[in-house]
Amino acid sequence: MQLTKQQIDYCMECGVCTGSCPISYDRPGFSPRQMIKRTLVEPDGDILQSSDIWACLSCSRCSDRCPVGIDFPEFIRTYREKATAAANLPRESHHGVFQTLTSLQATNLNQNRIGWTEGMKIQEEGEYFFFVGCLPYQDVVFRYLDLQMIDTAKSILTLLNKLGIEPVVSNDEKCCGHDAFWSGNKELFATLARHNVEMIKQSGAKTVIFSCPEGYSIFRESYPDIVGKLPFEILHISEFLAQKLPESDITFGQSGNGKVTYHDPCRLGRRTGIYEEPRQLLGLVPDSDFREMENNRENAVCCGTTAWMECSSCSKTMQIKRLQEAERVGATTIITACPKCQIHLSCAKSNTDIDVEVKDLYAYLSENI
Ligand code: SF4
Ligand code: SF4
């Protein structure tokens, strides 16, 4: 990533990113600006051996505020490619199970990804493709947190079926490659991207609907660099439902969840600009007592880890602070539209006595139909 002279001159006097970064708050010495400076002094120097390279959440809170448009997440991503080549690797969370699953999906592995659809309406070919993402795998891994992650997929398919839509759900879907991309493994990412686009093309789908913000953002931002213009439209399910539900005959009853607040996932908010649609969907449930947290929309704070790596005390501090923020506005339920946010916040909550339920947006909607 090349910076202009004007960007560099401004950057050396600034520091907005460090003041905005949730990692800088809790990790001594971590400063995006200082990392840029280090690479200007010595482009491929000791930074390639630094663990700071892996600590960044690529959450875009800094780049969103940078006065001269420096894309720090992209900067750090390119350095991750170089760090990997220099044998500086991240600490993988959950014993590396998700990194292994991603690599396995780049092979000819036969998957059973669609067992959960039994009794629901899906097709092998059709206009709409529902890209389910990692939910079937997360469902198995996170049972110990009392989570049933596949319920998100079931809730979305329930809503789609009620709208009269029978989407394609495929056993041949593979990991979207988001985490491989942000971990600096572009080759693995490209393999997965090519496979997914070809597989969707063969289904005849004109519109692909994503439940996961990461899948949606990576298709939107990075797939075109590998495969060119996408041969189908892509939509996040919150956009799709915000268009379709108000004009449908589906109605919602009163929620039993009390006072609710919404946690903006970084990939859905800052990276793809979807802030209002999830709030519109929450507003469909009558008498829902919605409370906005102090850090909302573009100021929202990340759920604490990304790409299943570097989960640390810093991550836990961020997660607990976020739950406490929900508590402070009197919310009894924190709703999110990202499976990873749901997992991370639930994990942090399980070690505290914070009395805030963590809930997925689509489960909340489908439970209240
Ligand atoms: S906000 Fe932008 S200009 Fe300011 S220090 Fe950070 S990267 Fe440099
Ligand atoms: S992307 Fe997020 S975690 Fe990384 S330096 Fe910027 S604000 Fe900090």
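This is a predicted model: local features need pLDDT of at least 70, side-chain atom pairs count only at pLDDT 80 or more; totals for chains, interfaces and linings use all residues.
Trainee: How many aromatic pairs does a search of the whole structure find?

Mentor: A pair of aromatic rings is described by the distance of the centres and the angle of the planes. Searching the whole structure gives an aromatic pair count of 17.

Trainee: Is the pair of Phe98 and Trp308 stacked or edge-to-face?

Mentor: The ring centres of Phe98 and Trp308 are 4.4 Å apart, with 15 degrees between the planes. Planes under 30 degrees apart fall in one class. The pair is therefore stacked.

Trainee: How many residues apart are Phe98 and Trp308?

Mentor: Phe98 belongs to helix H8 (residues 97-105), while Trp308 is in the loop between strand E5 (289-290) and helix H17 (313-328). Both residues are buried. The pair links distant parts of the chain, and the separation is 210 residues.

Trainee: Why does Tyr216 count as buried?

Mentor: Tyr216 forms a tilted aromatic pair with Phe210, at 6.0 Å centre to centre and 50 degrees between the planes. The limit for buried is under 20%. Tyr216 counts as buried because its relative accessibility is 2%.

Trainee: Which residue has its charged end over the ring of Trp182?

Mentor: Trp182 is in a cluster linked by ring pairs, together with Phe131, Phe181, Phe189, Phe210, Tyr216, Phe219, Tyr223 and Phe232. Over the face of Phe181 lies Arg77, 4.2 Å from the ring centre. Over the ring of Trp182, at 5.2 Å from its centre, sits the charged end of Arg267.

Trainee: How many residues of the shell around ligand 2 are nonpolar?

Mentor: There are 14 residues around ligand 2, and Cys21, Cys56, Leu57, Cys59 and Cys62 come nearest. Helix H3 (22-26), helix H6 (61-65) and helix H7 (72-85) supply at least two shell residues each. Two residues of the shell are polar and one is charged, and the number of nonpolar residues is 11.

Key:
Residues are numbered from 1 along each chain as its sequence is written. Chains are lettered from A and ligands numbered from 1 in the order in which they are written. Side-chain values use heavy atoms; hydrogens and water are left out. Rings of Phe, Tyr and Trp (its six-membered ring) pair if their centres lie within 6.5 Å; planes under 30 degrees apart count as stacked, over 60 as edge-to-face and the rest as tilted. Helices (H or I, at least four residues) and strands (E, at least two) are DSSP runs, numbered from the N terminus. Buried means under 20% relative accessible area, exposed over 50%, partly exposed in between (1.4 Å probe, protein chains only). A charge sits over a ring if NZ of Lys or CZ of Arg is within 6 Å of the ring centre and within 35 degrees of the ring normal. A residue is near a molecule or strand if one of its heavy atoms lies within 4 Å of it. Ala, Val, Leu, Ile, Met, Phe, Trp, Tyr, Cys and Pro count as nonpolar, Asp, Glu, Lys and Arg as charged, and the others, Gly among them, as polar.
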